[in-house]
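I opened this notebook to record a few look-ups in one structure. The entries follow the order in which I made them.

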Amino acid sequence: MTVSRIDVDDTEATLLATFEALPDRASRISWLTNLQPLAERLHALLAATAPLCPVDAAKASELLSAIADVADTSGLRELAARSRYAAAQAFAINGRFEHALHLIHAARDTFAALGCSRDVLRTNIGRVNVLAELGRYAEALSAANEVVEAVAALPTPSRDDQLLAALAWLNTGSCHWHMSAHSSALAAFAAAETIFRHIGALEHLPAVANNRGLVLLEIGRVHEAVLAFRETARAAAESDNPVKRGQALANIARAYTLLGEYQRALATFAEARPLLAGHVATDEAIVLRETADLYLALNLHDEARLAYEESVLRLRSIGARPHLAWALWGAGALAAACGDHELATRTLAEAADLFSTLDNAVSVSGVLLETAGILLATGNRVLAAAEANRALALVAHADLPAHQAFAHLRIAETLWPDIAKAEPHLLEAGILASRAALPQLLFRSNLQTGRLRRAQLRFGEARRDFENAIAQLERLRGGIVHETLRVSFMGDKDDAYQELTTLLIELEEPAAALAVAERAKSRSLADRLCGLVDSASSEPFESHRGSSLRAELNAVYGRLLGEENTTPAARETLQAHARALEADLQRLPLLHPGRESTTDSATPLSWQQIRTLLPTDLTVVEYFTAGQEILAFVFDRDGVRTVRHLGTTAAVAELAARLVVQLERCQMRDPVTVRHEASLAASCRRVLRELHALLIQPLRHLLPPGTLHSPARLAIVPHGILHRLPFHAFCDSDDRYLVDDYEISYAPSATVLALHAARPSRALDEATLVGCSTPHLPSITAEIEALRKRFPHARVLLDQSAELSNVRLQSQRRDIVHFACHGTFRDDNPLYSALELADGWLTAADLLTLDLEDAFVTLSACESGRSRVTGGDELIGLARAALLAGAATVVVSGWRVEDATTARLMDALYAGIAAGQSRTASLREAQLGIRSHLPHPWHWAAFFICGKR
């Protein structure tokens, strides 16, 4: 194309606007060549383009490279060198470090040839930065030292000279930090700060503070680091530098993670991300990696995996080896936590190799400790000990108490159960952990020391250590606002509760042991019931983004529901889309946590409070698993008794699997099944007898006597795998079922049981009946019509009127809310277990947003009582959602049910309630009535009551 010569007196802004608008490099080169006067115009464009670097690095690098090429061909060598150096800065911001280094060398050579000594030193500063990002620290230190020595040799260095020396010291400190030379790093930062203050270059002090904070963070002085980062963030805000502020906030968030202030970390990361987005490629990838570290600390493994994978991909493409090594370390730790030892070993080995080439001994030590943990888990104790001792040797002579404490703890694990050899390491770890004052480290140190003291029969000291471990854990958990995060955080932290519970039983303090067991059960549910986790937890879901995702998800569910004849591939595509939307919804509280303020955990009710709230005629059996052992607390208002060694979790798991097979055989309902139902029932009873012998018979002498016509009242509080079992259907050697002698209800914990017992009783008069029949479930209409006769003034939402909006409106503050519809349990994502309505699915996530305050709620559907048991014995599913929505009592099913039988059972249940019977008595009578003509437990034992009796 032909470009006319330009010689008008354009402003810099006009020149830049014209330059940017040109479509490609060729037209830009042509246009630049025709500028007049050329040198003046190119200088003006350089001055206008350089500030684009932190704003749009990609565009700035293109424009500056074009200016450099035209200046070169026009003989303007100094201008070309300045343009190339500016372009190098843009490429570095964009993560293209090798290309940036090439341009820096070209500019430096030109400046040297022209005798521009100060510019040679200035390019060395940029060279140091890029070399450090590439992990070439020895070269970077040499380049920085060259600047310092050159300035020191000047007889009267100018302010600009001293500024270069200060920047060289600042970069020297960063290199020493990456090489784990912490004292040298702090000394270099101090030297930089002294010069900056002397020459009045105060705008650079935030960078000094930020880098100093990074060193303080690594050596365990985390609170000091936070102060340094806050100073940086404040200064960056005052100077309107969003990138620097974003970097400082990301560092603050990382510090909060180390301090266990997870909610504040989430909020601060959320604040940092938009400030860094699209500006500095390396920083974006670093924040992604640090966020993954936080997810890993919270046991959010799926979220952590996605973040690590993206971070590693970005950092590999950028070539930022130090940060890539840290990302690989985290990804390896995640793989180890998920039990993928092969992937973990491979990933950690790559991280260790990178750290070794970077001379980062501290990080090598951390990776070795992670590797030692994998070796321990796979039974290679000798090699694990060798790796742990190597890790300790790498940090033994530095002032790194946290790193040294973790090493001593790992060595002690490799030596256990040799108490004499493990003790010195555990004692040293305790001293170092106190110095470091990091709650996760204190938790682990106290837990292991407690085990040591228990093995030494020093029970008082063991009790103190276990209590201290739990106190650290409770403090960490108490700082998490979002209920879902509280649940995930507790996923791998039951050990301290188990140790203290069994110790207190051995010390013959059953009430104290029960109190500790309660602290390990459904705490997040108790928090919500007590109002300690408030509506802030659901704000992200109710946001515009949340509403949009939920609407799209309901549409996908609707297509899955209505397209029964679609191909398997099409259904798999829809299911994959649904899973992706569910994952996006569940990540909303992580990306938009809303606030960083902390809350408290509900303290489980004490034994004295529980006994006061328990009905006088109620006996509670609360199970607890400690490792493989299953034990039970049996208590009423008169006291607590314990029974140990009821069996193992492995034995129960095997019986539970056999029971599932028996129930599934009966539910097939083909002619062969119907013909042989008597023998199937006998087979099922054999499994139920074994469960009774394991879990009920050893404590039967502690239970009140009951008879068929005068049943006693019993509440079951399962734990772990026991939540899958229908205790009311257990039968003894005489084939007498537990429900024959007891009215039975269930509860997630004694605290939750007592909280529901304390709820005000209300008459069950006003009902909302929701029914959605299908060709496969024709009896639902009959079920709703039968209940309509029992509740003449009921609000009835049947079939097409059973839409979510109607359900939400018509279920508010009703005495009874009854759902009769198809249900499905999602073991892969129980929060999206759902009931089928006319316009889609009522998920557990939707259910917990209904207003069911003090209602009697029945989910007359398949699998409505199934839950996934997560960390802290939290049950995630439809039943829990109904309790969280305020329901006082929930009636739910443990497996797939037959709709005609269910309709008869529900009619009998409400007949008993209408006759004035208790809720548990009514369900028992209904079950006995069904059993009289359908004896297989599949028919009559599916439903159970949770909550107020």
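**Confidence.** I noted at the outset that this is a predicted model. I found a mean pLDDT of 87 for the protein, with 92% of its residues at 70 or more. I then looked up residues 1-9, where the pLDDT is below 50 and the model has 16 contacts beyond near neighbours in sequence. I recorded residues 533-541 as another stretch with pLDDT under 50; for it the model has 22 contacts beyond four places in sequence.

**Helix α4.** I compared the length of α4 (residues 57-73) with expectation: at 1.5 Å a residue its 17 residues should span 24 Å, and the end C-alpha atoms are 24 Å apart, so the two agree. I listed its buried residues, among them Ala 57, Leu 63, Leu 64, Ile 67 and Val 70. I asked what covers the buried residues of α4. The cover includes α1 (12-21), α2 (25-33), α3 (38-49) and α5 (77-93). After α4 I noted Gly 75, which has a positive phi near 80°.

**Aromatic rings.** I asked how many aromatic pairs the structure holds. The count is 11. I examined Phe 19 and Trp 31, a stacked pair with 5.8 Å centre to centre and 15° between the planes. I found both Phe 19 and Trp 31 to be buried. I also recorded a cluster in which ring pairs link Trp 177, Trp 326, Trp 329 and Phe 355.

**Cysteines.** I searched for disulfides and the count came to zero. For Cys 731, which is in no disulfide, the nearest cysteine sulfur is that of Cys 684, 8.2 Å away. I noted that Cys 731 has 0% relative accessibility and therefore counts as buried. Cys 175 likewise counts as buried, at 0% relative accessibility.

**Sheet.** I traced an open sheet of three strands in the order β9-β10-β11, paired antiparallel. I asked why one side of β9 and of β11 lacks a neighbour in the sheet. I found two bridges joining β9 to β10 (residues 834-837). For Thr 824, the bridge partner in β10 is Ala 834.

Conventions:
Residues are numbered from 1 along each chain as its sequence is written. This is a predicted model: local features need pLDDT of at least 70, side-chain atom pairs count only at pLDDT 80 or more; totals for chains, interfaces and linings use all residues. Side-chain values use heavy atoms; hydrogens and water are left out. pLDDT is the predictor's confidence in each residue, from 0 to 100. Contact means heavy atoms within 4.5 Å. Two strands pair if DSSP finds at least two bridges between them. Helices (H or I, at least four residues) and strands (E, at least two) are DSSP runs, numbered from the N terminus. A disulfide is a pair of cysteine sulfur atoms within 2.5 Å. Buried means under 20% relative accessible area, exposed over 50%, partly exposed in between (1.4 Å probe, protein chains only). The expected span of a helix is 1.5 Å times one less than its number of residues. Rings of Phe, Tyr and Trp (its six-membered ring) pair if their centres lie within 6.5 Å; planes under 30 degrees apart count as stacked, over 60 as edge-to-face and the rest as tilted.
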